[in-house]
Amino acid sequence: MKRLLAMLALALVLWGMGFAPAEAAIPDDVQKLLDTKKCQVCILNDADLSNTDLHGANLKIAVLTGANLSGADLSATNLMLSDMEGANLSGATLANAQMNGANLPGANLSGADLTNVEMTQANLSDADLSDADLSGAVMLSVTLGSANLKGANLKGANLRGTNRSMVLFCNTTMPDGAIENRDC
């Protein structure tokens, strides 16, 4: 009994400090997204949406932390202000997506198609963007931290206001078409 009370007290203290347990995807939200492609402010944490056709979906302000979107078609999707921390978007198609203000720290975007994506003020800290195609992307004031851009294509991308000092570059095509190899 004492152990149970101690565990309950610890849980209450942690919750009070902001360490509430993460919510899993709400099944009704997942079904709504699949049925209508409209799911603003939905909770889709850890949802398996791999290889799903979500072309043109509205996921504005959705929470997709830890979600599996590998190979998904998210082209022309509204992901503005969405939270995709730690999400797997490897091989996903995000061409022409709206991702302004999106939160993607630690996300896996390796091999993703991000051509002409708009992601002004997005957070890509420590994200894996290796071999991603970011040609023509608008990345104004994006937070990259030590993101991995090895093998990425940034030709024609707008990186104004973006600090690239800790980013990993190797065989990376820069906005002007030059190849950057500083981290090979």
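**Salt bridges and a surface patch**

Colleague: Where in this predicted model is L81 placed?

Modeller: L81 lies in the loop between α2 (27–36) and β1 (172–173).

Colleague: Why is L81 called partly exposed?

Modeller: The relative accessible area of L81 is 48%. Buried means under 20% and exposed means over 50%, so L81 with its 48% counts as partly exposed.

Colleague: Which residues form a nonpolar patch on the surface with L81?

Modeller: V41 and I61 do, and together with L81 they have about 270 Å² of accessible area. A patch residue needs over 30% relative accessible area, and L81 has 48%.

Colleague: How many salt bridges does a search of the whole structure find?

Modeller: The search finds 2.

Colleague: What makes D53 and K37 a salt bridge?

Modeller: Their closest N and O atoms are 3.6 Å apart. The cut-off is within 4 Å, so the pair qualifies. D53 and K37 both sit in the loop between α2 and β1, 16 residues apart, and the pair links distant parts of the chain.

Colleague: And why do D53 and K37 count as partly exposed?

Modeller: D53 has 46% relative accessibility and K37 has 25%.

Methods: Residues numbered from 1 in each chain as written. Predicted model: local features only at pLDDT ≥ 70, side-chain atom pairs only at ≥ 80, totals over all residues. Heavy atoms only, no water. Patch = residues over 30% accessible without salt bridge, like charges linked within 9 Å, V, L, I, M, F, W, Y side chains within 5 Å. Areas by Shrake-Rupley, 256 points an atom, 1.4 Å probe, with all protein chains shown as cover. Salt bridge = Lys/Arg side-chain N within 4 Å of Asp/Glu carboxyl O. Helix = DSSP H or I, 4+ residues; strand = E, 2+ residues; numbered from the N terminus. Buried < 20%, exposed > 50% of the residue type's maximum accessible area, 1.4 Å probe, protein only.
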